[in-house]
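Dear colleague,

Please find the structure below, together with its sequence.

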Amino acid sequence: MAKELWKGNEAIAEAAIRAGCQCFFGYPITPQSEVPEYMSVHLPKAGGVFVQSESEVAAINMVYGAAGAGMRAMTSSSSPGISLKQEGITYLAGAEVPCVIVNCMRGGPGLGTIQPSQGDYYQATRGGGNGDYRTLVLAPSTVQETVDFMQEAFDIADQYRNPVMVVCDGLIGQMMEPIEWREMPKRDLPPKDWAAVGRRGRDHHNVINSLYIEPDDCDEHNVNLEKKYAEMTEKETRWEEVQCEDAEVVITAYGTPARIALTALETLRAEGLKVGLFRPITLWPFPEKALHELAGKSHVKAVLDVEMSSSGQMLDDVRLAVEGQKPISYLGHAGGVMPTVEEMVEAVKKALKEVK
Amino acid sequence: MAIVYQKSAGLTDAELHYCPGCNHGIIHKLVAESLVELGLMDEAIGVCPVGCSVFAYNYFACDMLEAAHGRAPAVATGVKRTHPNQAVFTYQGDGDLASIGMAEIVHAAMRGEKFTTIFVNNAIYGMTGGQMAPTTLIGQKATTCQSGRTVEQAGMPIRVSEMLATLDGCAYAERVCVTDIANINKAKKAIKKAFEMQMNRDGFTFVEVLSTCPTNWGKTPVKAVEWLKENMIPYYPLGVIKDKSAEVK
């Protein structure tokens, strides 16, 4: 199929419609506003529902209502707006309501900047809302990959009855790239017989709820959620390794910095330096086992983590996975400043020098 | 043997947890009876709040969603927009609706969302133990205004029905109470009418039910009813505040 030039945010919206998204609830915020704009035009044409909510708080709760009533529902926002959605996300997780949430990350804290950032890693992977819960977090690094993930995002959400978050920094949302519309594989999914769609002759009523007032019930509920998260960790963890087979320095990066790292790899390999890239694709579940094994290999001398974050957030997970087997250094910028190829090249050389 | 009274088929067999003298039980019954009589029970989807009626999902026999505090109108928007031919309602108290959920209820009414809100106003936070609500009357004591609410400290209580009625999307707003048989019958009529107008796609429909909270008011059930009549009704007058179906006629 021929390639088409698409802006990231519009491609996300179109991909969601193609993935069977039936309703979208959103609120304007830079740099993701093209998602609701595109949805407002194209989702109703596809037979779906678009509502511009009064706030991000309302948007995520509209998602809870529509998805709780059995629909494929989605919302999108950018960092400060995602903060506002956290209340809804913990209720969705607690009531086991599937949905897709896109975070087109910008710089923070607070209003920060509208430029790309990865400062929401903790929020996405640790859960910004209250309680013991997890959302599966997909982190694409190109517009093509973002588009390809939308079908999986909805399918994974439905399969596990869990919110799925797609985090792409503002660059992916704002950038135009040639992409190919591919028919993505669909999963066999269980019927949504739990949804509050009206009884329609059913002998019992369905209830969408996250309240378990009895301590033993709430404990059991958490145990069951934990089992689900363990299954997701086992079956849904994704990552990519580039030229890691002989790498002496492994760069860990996701999203846009991972893409910049590919150019750094080319530069360094041309100079005869053995460098590889380990790119987590799911931020939760983090590919801990794979990174642990890679870091344990004798050819790996050092790990360099690169993020668009001031002191590193994924760095915590990298450290937990590497478990002290090899030294780890960090390169990063926040506030919309991107790490450059030159900086990466220099940081890799410095890391190598320190271990040799 | 003749049946003289029967629980509505719109309610489950679960035992209500409400305090003695609380009006929630009566209001639940009126909502359930209305849905059954209109033949809507099999398709109805309800959304309950956080507050005393948080467990309403155990009592209404239709499908239910439990919302976060104040967010029921947003949840109901998601349900109704994707199920436009089905009866959808929220059941909310005054802390939930008039305080933390004010944005959600105002915008649902502004958009003319075609669901029905049953707003139970007892002028206090019940479940959390009697704190001041936006609807608490001047002079009324609560655990966060122990000498009584003052205008200086908290402003005047809000009349939600009148405020929502100013919005074009609001098709029906009526304030009722359930202090005696005559008023219970009026309340039932209002609730039924709200659901009828919803199914007629007239717009957002709203019924405010003044209610007692003997526990947190520190009164017996009988004294609580008297207090409601003497204090709440003068500030929150009963009656139809807006009815677009009557305007058309």
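The buried residues of α5(B) are B:Glu104, B:Ile105, B:Ala108 and B:Ala109; a residue is buried if 20 or more other C-beta atoms lie within 10 Å of its own, exposed if 12 or fewer, and partly exposed in between, with C-beta atoms placed from the backbone. Because they span an arc of only 125° around the axis, these residues fall on the same side of α5(B), the arc being that of the directions from the helix axis to the C-beta atoms. After α5(B) comes B:Gly112, with a positive phi near 65°.

This is a predicted model, in which local features need pLDDT of at least 70 and side-chain atom pairs count only at pLDDT 80 or more, while totals for chains, interfaces and linings use all residues. Residues are numbered from 1 along each chain as its sequence is written, and chains are lettered from A and ligands numbered from 1 in the order in which they are written. Helices (H or I, at least four residues) and strands (E, at least two) are DSSP runs, numbered from the N terminus.

Between the two chains, 28 residues of chain B are in contact with 35 residues of chain A; contact requires that the C-beta atoms of two residues, placed from the backbone, lie within 7 Å. On the side of chain B that touches chain A, β2 (63-66), α3 (72-82) and α5 (102-111) of chain B each supply at least two residues. The largest share of that side, 8 residues, comes from α3(B).

**A sheet of chain A**

In chain A, an open sheet of 5 strands has the order β10-β12-β11-β14-β15, with mixed pairing; two strands pair if DSSP finds at least two bridges between them. Its edge strands, each pairing on one side only, are β10 (239-242) and β15 of chain A. Neighbouring strands of this sheet are turned by 20° against each other on average, direction ignored. Here axes are lines fitted to C-alpha atoms, for helices over the stretch in contact, and angles run from 0 to 180 degrees between N-to-C directions.

β10(A) pairs with β12 (residues 275-280) of chain A in the antiparallel sense over 4 bridges, and A:Trp239 stands opposite A:Pro280 in β12(A).

Strand β14 (residues 302-307) of chain A has 6 of its 6 residues buried. On one side these are A:Ala302, A:Leu304 and A:Val306, and on the other A:Val303, A:Asp305 and A:Glu307. β14(A) pairs in the parallel sense with β11 (residues 249-252) of chain A over 4 bridges, and with β15 (residues 328-332) of chain A over 5 bridges. A:Val303 stands opposite A:Ile328 in β15(A). From β14(A) the chain crosses through helix α11 (residues 314-322) of chain A to β15(A) in a right-handed β-α-β crossover; right-handed means that, with the strands pointing away from the viewer, the path from the first strand over the helix to the second runs clockwise.

Helix α12 (residues 341-355) of chain A lies across β11, β12, β14 and β15 of chain A, at about 155° to β14(A).

**Helix α2 of chain A**

In α2 (residues 34-45) of chain A, the buried residues are A:Glu34, A:Val35, A:Pro36, A:Tyr38, A:Met39 and A:Leu43. They lie on the same side of α2(A) because their arc around the axis is only 165°. On the other side of α2(A), A:Val41, A:Pro44 and A:Lys45 are exposed.

Yours sincerely
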